[in-house]
Amino acid sequence: MADVKLTGQHWIAGSLAPPREESFRATCAETGAFLEPGYGEATPEQISAACEAASSAFHEYRNVAAEGRARLLETIADEVLAAGDALLDRCHLETALGRDRLMFERQRTVNQARLFAQVVREGHWTEPRLDHADATRQAPDCRSMWLPIGPVAVFGASNFPLAISVVGNDTIAALAAGCSVVVKAHPGHPGTCEILAGCLNRAIRRCALPAGLFSLLHGVSHEVGQSLVQNPRIQAVGFTGSLTGGRALYDAVGRRAQLIPIYAEMGSVNPVFFFPQALRNDRWQPLVAKLVGSITAGCGQMCTQPGLLLGLKQTEWQELRREVQAKVTDQTFTLLHPGIAKAFRQLTAERGAQAISITSMAAAQKTSESDCCVPGVIFEATATELLEHTHWEEEIFGPSTVFVECEEVQQMLAYAQQMKGSLTASIFATDDEIELVRPLLDVLQTKVGRIIFNGFPTGVQVNHAMMHGGPYPAAIGNMTSIGTGSIKRFARPVCFQGFPERLLPETLRDNLSAPTLRMIDGQYQLGSAVI
Ligand code: NAP
C-alpha cells in the first residue's frame, strides 16, 4: 500500500509546500472531534507558483500523444486503488459516508478514469473536420479540431469526496483533454484530498510527465479559490458545489481582464411529477422504498435528490405520502460536517414555520448525539403555495423533501412553466397517460438537463450519453459535468487554414493511420470507410 502519512501541506508541482500557519482542521463527522494534521491557507505566492507550473507543464503536455494521456489516466486509476484502506478510512472519518458507499464511489472514480482513457485513445471527441480547397468556389483548405484549452482550476464538492474531488470528474476530463490542473482542496475533507494528491503525483512521476501538471492548494477562507480563478494563467474553471459558491466564482471570473469559461454544477430540487394512473391499483406501493432510498441516499446530500414531489389529490397519493413520511422522519442522519447540519436545521425550521413539517419526536430527540446528526424532515404544501412562493424551489441539502398536492394536472404544468432550471425532472405515468404527459415533457426539455421516465433521479451514470447540468441556477455553462461529453469543457475548436500537411496536427492530415471518425468534405469517415 502507498505511503499515506498526512503532512498538512500543499502540493505544488510535485513538491510539498508548507502553509504559513495552520488555520483549520478536518472534523470527524461522527464525533465532532478535530482531526490531525492542521492545514492552512495557500499564500498568494504559492497560488501563483502552482499556476506558473501548470502553465509550463501545459505547453509540454498538450503535445503528448493520446496514448501517453490515456496511460496517465489508467495509472491514476491504479494508484487510487493502491491507496487502499487508508484512503477509505480517512474519507469515512471526514465524511461519515460509510465504507460501502465509499467503496462504490472509489470504483466509480476508477471506472471514470479508465473510460476517459478509452475516449482519448479513440480520439473521436476531437471532431476533426477537413474541408479541402475548392478552386471553383475560391474556397481555401480549412481543417479544424478541438484542442486543450490550458491550465484548469478545479473545485470539488463535499458530498463526493472521491468521484467529484481531486481525482474526480473535472480533473480527469481536463487531463484527458490535454490540460494541466490546479485543485482547490475542499476544506471538509482535506486529508482525503491530500491522499488523492499523492496518487496523482505518483502517477505523473511513473508516466515521466511534467510535475506541474497537477497542484493541490488548501484553504478554508474563500480567498484561495477567488485568487486561483483570477490568476491569468488559468484558462477554465470546473466547479461543483453550492449555488452561492458557484455564483461567487463566476463573479470573480467576471472581474478578470481576460474572461474565461467557468463550468459550475450546483444544486436543484429535481421535481418529480406523478400522473394519477402511475399510483393507482397499488402501483404506488413498490415506489415507497425506491422514493425513500432516493430522498435519503447519501443522507439526502445529493445534488439530484428529489426535493419536490407533485401529485394529484387522490387516495393513493396520500397513502404514498404517509408511508414515505413515516419511513423518512423516523430516521436520523449524520451529515458531512457541522456547517451543513446547521444550515439544514436552520432552513427546515424556517420552512416549518411556513407549512406543515413532519419530524418524528423520537428521531428529533436522538439528534443531540452529534453536531452533524439531524432527523429526516418532510413538508406538505399545496400547488397554490408552490406557485406563489419561490422559496419552495430552494434546495435544502439533507434528508428532506416537499409533497405538493395539486388539484389538477394543469397545476403541474403551470409549475413546470415557471420553474427554475434544474438538473433533473422525473415523470411517473402509465402508457394510457402518454398524451397527458406530452405538454409537460415539452416544457421540461427547456428547463432541465436530464428527464427520467418512471424512475427517481439519484444515481448519475458515468457514460457517453449522460447530461449532468441544466439551465441556471442548476449550472453555469450548457455542458455536462459527468460522462465523456464533459471533456469538451476543457477544449476549444481551432481551425487551420491553408497549411501544408507537415505543419498540421496528425489528426488533420490527409493520410491518417488511426481509425478516427472525421468529417471530410461534409461526409463522415472512419478510417477510409465513408459512413
Ligand atoms: P460549497 O460550500 O459551495 O463548496 C464547494 C467548493 O467551493 C469548496 O472548495 C469551497 O471552498 C468553494 N467555495 C464555496 N464558496 C466559495 C466562494 N464564495 N468563493 C470561493 N470558493 C468558494 O459546496 P459543498 O457544501 O461542498 O457542496 C454542497 C452543494 O454542492 C450542494 O448544493 C449540492 O447540491 C451541490 N452539488 C452539486 C453537484 C452537481 O453535480 N451539480 C454535485 C454534488 C454537490 P471554500 O469554502 O474553502 O472557499
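Visitor: How far is an oxygen atom of the ligand from an N or O atom in the side chain of Ser 242?
Guide: This is a predicted model. Ser 242 is among the closest residues to the ligand. Its side chain places an N or O atom by a ligand oxygen, at a distance of 2.5 Å.

Visitor: How much of the ligand's accessible area does the protein cover?
Guide: On its own, the ligand has 890 Å² of accessible area. In all, 28 residues surround the ligand.

Visitor: Where does the backbone of Gly 219 come in?
Guide: Here the backbone supplies the atom, an N or O of Gly 219.

Visitor: Which element gives the largest share of the shell around the ligand?
Guide: Strand S8 (236-240) supplies at least two residues, and so does helix H8 (243-254). The largest share is three residues. That share comes from H8.

Visitor: How many residues of the shell are charged?
Guide: Nonpolar residues number eleven in the shell. Another 14 are polar. The charged residues number three.

Visitor: Why does the ligand count as lying between domain 1 and domain 2?
Guide: Domain 1 is made of 10-126 + 147-266 + 481-488, and domain 2 spans 272-462. The ligand lies between them because residues of its shell come from both domain 1 and domain 2.

Visitor: How many disulfides does the structure hold?
Guide: A disulfide needs two cysteine sulfur atoms within 2.5 Å. The sulfur nearest to Cys 51 is that of Cys 179, 14 Å away. For Cys 372 the closest is in Cys 28, at 8.3 Å, so that pair is too far apart for a bond. The structure's total is zero.

Visitor: Is Cys 372 buried or exposed?
Guide: Buried means under 20% relative accessible area. Cys 372 has 0%. Therefore Cys 372 is buried.

Visitor: Which side chain makes a polar contact with the side chain of Arg 489?
Guide: Arg 489 sits in the loop between strand S19 (475-476) and strand S20 (491-497). It is buried, at 1% relative accessible area. Its side chain also reaches the backbone oxygen of Ser 486 at 3.0 Å. The side-chain partner, at 2.9 Å, is Asp 170.

Visitor: What is omega for the cis peptide bond between Tyr 472 and Pro 473?
Guide: Most peptide bonds are trans. A cis bond also joins Glu 36 and Pro 37, with omega about -5°. Pro 473 lies in the loop between strand S18 (448-453) and S19. For Tyr 472 and Pro 473, omega is about 10°.

Visitor: What is phi for Cys 299?
Guide: Most residues other than glycine have a negative phi. Cys 299 is found in the loop between helix H9 (285-296) and strand S11 (308-312). Its phi is positive, about 60°.

Visitor: Is Asp 521 buried or partly exposed?
Guide: Asp 521 is in the loop between strand S21 (517-520) and strand S22 (523-526). Its phi is positive too, near 50°. Its relative accessibility is 44%, so Asp 521 counts as partly exposed.

How values were computed
Residues numbered from 1 in each chain as written. Predicted model: local features only at pLDDT ≥ 70, side-chain atom pairs only at ≥ 80, totals over all residues. Heavy atoms only, no water. Buried < 20%, exposed > 50% of the residue type's maximum accessible area, 1.4 Å probe, protein only. Near = heavy atom within 4 Å. Polar contact = N/O pair within 3.5 Å; in protein donor to acceptor, adjacent residues only side chain to side chain. Areas by Shrake-Rupley, 256 points an atom, 1.4 Å probe, with all protein chains shown as cover. Helix = DSSP H or I, 4+ residues; strand = E, 2+ residues; numbered from the N terminus. Nonpolar A, V, L, I, M, F, W, Y, C, P; charged D, E, K, R; others polar. Domains from an automatic or database assignment.
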